[in-house]
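Hello,

Here is the complex I promised to pass on to you. Please have a look at it first, and then read my notes below.

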There are 4 protein chains.
Amino acid sequence: MSGNSFGTLYCVTSFGESHGPAYGGVVDGCPPGLELKNEDLQKELDRRKPGSSRHVTQRRETDTVEILSGVYEGRTTGTAIGFLIRNEDQRPKDYSAIAEKFRPGHADYTYWQKYGIRDPRGGGRASARETVIRVAAGAIAKKWLAERYGVLVRGYLAQLGARPIAFKSWEAVAKNPFFSPDDSITKELEQFMDALRESGDSCGARVNVVAEKVPVGWGEPVYGRLDADIAAAMMSINAVKGVEIGAGFAAVAQKGSEHGDEMTPQGFVSNNNGGVLGGISTGQDVTVSIALKPTSSIRVSRRTIDTQGKATTVATTGRHDPCVGIRAAPIAEAMLACVLMDHALRYRAQCGDVVPPTRLG
Amino acid sequence: MSGNSFGTLYCVTSFGESHGPAYGGVVDGCPPGLELKNEDLQKELDRRKPGSSRHVTQRRETDTVEILSGVYEGRTTGTAIGFLIRNEDQRPKDYSAIAEKFRPGHADYTYWQKYGIRDPRGGGRASARETVIRVAAGAIAKKWLAERYGVLVRGYLAQLGARPIAFKSWEAVAKNPFFSPDDSITKELEQFMDALRESGDSCGARVNVVAEKVPVGWGEPVYGRLDADIAAAMMSINAVKGVEIGAGFAAVAQKGSEHGDEMTPQGFVSNNNGGVLGGISTGQDVTVSIALKPTSSIRVSRRTIDTQGKATTVATTGRHDPCVGIRAAPIAEAMLACVLMDHALRYRAQCGDVVPPTRLG
Amino acid sequence: MSGNSFGTLYCVTSFGESHGPAYGGVVDGCPPGLELKNEDLQKELDRRKPGSSRHVTQRRETDTVEILSGVYEGRTTGTAIGFLIRNEDQRPKDYSAIAEKFRPGHADYTYWQKYGIRDPRGGGRASARETVIRVAAGAIAKKWLAERYGVLVRGYLAQLGARPIAFKSWEAVAKNPFFSPDDSITKELEQFMDALRESGDSCGARVNVVAEKVPVGWGEPVYGRLDADIAAAMMSINAVKGVEIGAGFAAVAQKGSEHGDEMTPQGFVSNNNGGVLGGISTGQDVTVSIALKPTSSIRVSRRTIDTQGKATTVATTGRHDPCVGIRAAPIAEAMLACVLMDHALRYRAQCGDVVPPTRLG
Amino acid sequence: MSGNSFGTLYCVTSFGESHGPAYGGVVDGCPPGLELKNEDLQKELDRRKPGSSRHVTQRRETDTVEILSGVYEGRTTGTAIGFLIRNEDQRPKDYSAIAEKFRPGHADYTYWQKYGIRDPRGGGRASARETVIRVAAGAIAKKWLAERYGVLVRGYLAQLGARPIAFKSWEAVAKNPFFSPDDSITKELEQFMDALRESGDSCGARVNVVAEKVPVGWGEPVYGRLDADIAAAMMSINAVKGVEIGAGFAAVAQKGSEHGDEMTPQGFVSNNNGGVLGGISTGQDVTVSIALKPTSSIRVSRRTIDTQGKATTVATTGRHDPCVGIRAAPIAEAMLACVLMDHALRYRAQCGDVVPPTRLG
């Protein structure tokens, strides 16, 4: 399995650079018969689209997706689903200034060292714009999971910089440009972002994702665990530096008598485990939390080196998200959906004949 | 790739149950010519062996490993390395009490639901005893990485329950039964563990792992990232609920100007990124931190259900670690070593001809 | 690994249907720094292009390829290489007649049974037109193999229907529309094909492929053998029903004293093994021979059933190759090149440090 | 996926050398609940056991298999099934003569060149004795396929040296030491083998395998085809140089009107395609034929080189099969069974919800 594909049975392959002609994706393994049209992907792409508010990059992209294969008369045929998203607002010239030096915290340096060559235009392959492919692939997974199992995957902003955001409601999430579950603090968040943008700096974010109605039994011990695959999927998102399942790092300070979720005939009493035990889904909500680092392309001047190894400074102008976490909820949802769908398929491959024993709830 | 294997080129396959006849492992893809004998694996296995202090499980296992293939006259031949660790101290009877009911926080329930059948003896396949295979496979990876690249992978206990442990020295780690990097607090930790054990409860832990001298360039964007593979490897360890690379969740509250590690001709000025940028190693230390939940097998009585779905309570006697995190450092080291070795091989496959540009430091 | 990708390190993913908007491919794992432009792919695509003589399908396709990613300023960057070939001459209406019944010998029936739905236009995903992706991916592999190792991969028509064709010269192959290595029989072949076409029937073919200058040591025993991967790659080509390496089926009647290729300090004395022993390349030419069955879309009327399971007959009009084997040489070359490149990369991953012992020749 | 594993969902991993302590295997992905005991594997191992007649190697091995995991109270649990077969009759000294020179037609040379080191004892990893693992893994697959789908996989000797053997009956196959389907020629075969053995030479063989009652729909186009995976599996067997599906190379000389299998409401009229169309099973018998080359370890003296590259001659004494094809039927059956089981699981992963359209027969 090469680096630009992921998934065992629901397999996503991605290509494209930020200022090349297009991004493209291939989804292989989707069951046949699923109703699917461009709009199903577009709807999700529009949620992470740039330029949707002043708090994100002002690059003008419609992110229009075209399905090129795998669908016939509105239904998936079981063959590979290829799709394309043309880049429209390329401004390679914006990047001439950084072609010869490396942004602190950016992949500029590592790509150049690894490959001996790099596409410097807008971060090339390292650009977070690659996540359009994840969102499109996730849209298919979400649709299938919802129709086949009633699974619902949703995410929200749980912290913006140092400001934690308490969960109020899913309705709130759609009402503001931050995916904040508390709409009452939207003005505060806007003021914070405005000040941040003005300062030329950036900030990090925490995003939570929840998958409801996941059946018990998905996940393959001991290495192909559901939570292991989720961790990889999340950590593969640009800027992510940490992943938690359930109680996450809070579990360190918990006692076993506090952490272990008790069971009654009506179901689990709590969900410290985040819906996964021994790498297998429990039937509870799968809860995931991720840390996104602050954007590395900032206007603040910083020490760095150039391609000759000489000391210099760099300040990035051009169009960038001051907080990549703001648009990360749809991306994290997509990754979780892809992993769940992969395991749904893997489950029925091996355990399709299992007669379910007594279940909770 | 099935659930009991991991790695693309340095590929580890594991089998065995806690109270079956043996655990076995297969390491495939190891370069030929590496000096290797049973003792190289045994040395690492002894570090995570049960019964080494009163603070861990009192199960009596020598964990004696036998290499069965892939080594000829003391050197690896490039063929698959099979090895076996016989279980010696099986007491299946200890588990008759829990064969019919589920421990809160344990994989008992999910295995039973997924497969419709389970081996209840000591957790069966879900037992943390499976990590012997990881440690043995990691021992080979560590040896090769050290000899070929000078890479050094080491771990330590960074928090025990609510008690954070500041890093003092690597020397300290070997001097106490907790892998604590601060030997001056050993008595305190012992008292804490003695009280915990007496209470019949368990606690969580945080373990940090550091890989030094990792060359720049390892890791495959965009999904096969070094950090994504590390995250999966760590999350696949029993009881792990969270993974951080570099600054981890602390990055959320950082500003970009603070987080992005500046570069000078002498090297990076800081290491918030934990040695990985854009999924590719930077040449700095790779730093990983993991959260381990408290052991689910505790003497404290808890609500649960039985295999008929009826309400009951469960309290686990038998031999268990009151804190699985105490023995987790060698396991986390092993997983990190395996991932690094896999990527070392993948790097030279694709980039073996790259003439390294100017490097830092 | 899903069904529309192949290769471990040089990984090719394909999508597209015969009468959909486009075929697309993704090549992942190509080393960076390789000079590459559209023309490098186009050159090979032109060799298998339809409409190039009256003996192949008259569908009008320029098969114009556009590289969409992975190349910057004329060199590969090490990221995924995506490319697209738009379908130009779609005539879905031609296929309305066969949408409701199944061609004997065609995948119509199995796709419909497997997926419960199928794209009937020109065979949909089962169309041999999919091989454009293989040829494009193979063009990159051929170029890299030639530049890096001097490997040369070439194929020719070794039998047309019942007529075996003796190898005369590689020069001859390029001089006639059949890839025949004996140009003196071109007229005979043309007359045979003209008569065949007129009869409304089709015929099979045998194609041989040879890779010269393959270094010793490529191939991973015991399942990932070079010859096993070649066999899979060849058998995955539409219409292929048999694969031979070296002496192939002739080895059955050979004695061991005749088959085993003797060695002298100057090299191997013969090549019955086809350049592979124990799954590992010997340093000799890798020789492969494949059997292609006759095209199933013929004008001769045949018994079949319709989608209701009722008895009927079918005769296929429309544009079809009366012998798919005629255009198969470039395809078989491409598949062999992809497998060799994959193993070249796998070789240096594991054995990059092996100091070669005394070599032959 | 590394070289010593095969299969996507029914995944087999193998280790061991001919004169090391043991061979071992791991079967991952087997559905839970299958009744399984050592005897189920032993029964198949006994069919390919050495020393069963004077026509095969006289090495004394009981090939006793021990299942080490994945089975609890007589049923598979869904976890990895590890098993071990100890080598009993090791005589490494027999091989000192060939440690310094290479047998023509043997993998001695390529292993040594690839890895720079090799285990020369009895061919080390390249020994055909490795096929015990395939047979054991195949035994599990056969059992599951038979119980779940009624699939029956059987093989026979179709040619011994230059002598083709017409199929008479499956009953005959079990009645003679050659797996010959025509028991009336047993004496003739024995005389041929006696003379061959006396001459110190060896011969090749053709083996046919048939899988009956394979449901329609197994196989993943376009690279993960059922026939492509079968081709790889067969070519990975030691000594195999050719693979045919259905009509195989005979298809080259067939007309389309002759080759394409007509359909009626009662089913297919013929089976030139060998039960696979477009890479997907048709519901007919899957028919496979393989060519095995003559054994390379012969007493006849032949030219070769030594490890210093100097010219010499070699003649192999010790215990060897004069025709490896004689014991190949159980091995080929096993490989076909493993591939079919893998695709059975893959089928229900993706197409588990497909409502089968009208079916034939």
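First, some housekeeping. This is a predicted model, in which local features need pLDDT of at least 70 and side-chain atom pairs count only at pLDDT 80 or more, while totals for chains, interfaces and linings use all residues. Residues are numbered from 1 along each chain as its sequence is written, chains are lettered from A and ligands numbered from 1 in the order in which they are written, and side-chain values use heavy atoms, with hydrogens and water left out.

On confidence, the predictor gives the complex an ipTM of 0.97 and a pTM of 0.97. Chain A has an average pLDDT of 94, and 98% of its residues score at least 70; pLDDT is the predictor's confidence in each residue, from 0 to 100.

**Chains A and B**

Here 113 residues of chain B are in contact with 113 residues of chain A, contact meaning heavy atoms within 4.5 Å. Together the two chains bury about 8800 Å², with 61% of that on carbon and sulfur atoms. Buried area is the accessible area (1.4 Å probe) that two parts lose on being put together, summed over both. Of the area that chain B buries against chain A, 11% comes from B:K114, B:Y223 and B:K241, more than from any other three residues.

The rule finds four salt bridges across this interface, a salt bridge being a side-chain nitrogen of Lys or Arg within 4 Å of a carboxyl oxygen of Asp or Glu. One of them joins B:E262 to A:R303, with the closest N and O atoms 3.0 Å apart.

Helix α2 (residues 108-115) of chain B gives the most to the side of chain B that touches chain A, with seven residues. Helices (H or I, at least four residues) and strands (E, at least two) are DSSP runs, numbered from the N terminus. Strand β11 (residues 240-245) of chain A also pairs with β11 (residues 240-245) of chain B, antiparallel and over three bridges; two strands pair if DSSP finds at least two bridges between them. In this pairing, A:G242 stands opposite B:E244.

**Chains B and D**

This contact takes 41 residues from chain D and 41 residues from chain B, and the two chains bury about 3200 Å² between them. In chain D, the residues that lose the most area to chain B are D:F15, D:L68 and D:Y72, together 19% of what that side buries. The count of salt bridges is two, and D:R86 forms one with B:E66, the closest N and O atoms being 3.6 Å apart.

**The sheet in chains C and D**

An open sheet of ten strands runs β9(C)-β8(C)-β10(C)-β16(C)-β11(C)-β11(D)-β16(D)-β10(D)-β8(D)-β9(D), with antiparallel pairing. β9 (163-164) of chain C and β9 (163-164) of chain D stand at the edges, each with a single partner strand, so one side of each is left without a neighbour in the sheet. Within chain C, β10 (residues 205-212) and β16 (residues 286-292) pair in the antiparallel sense over seven bridges, and C:V210 stands opposite C:T287.

Best wishes
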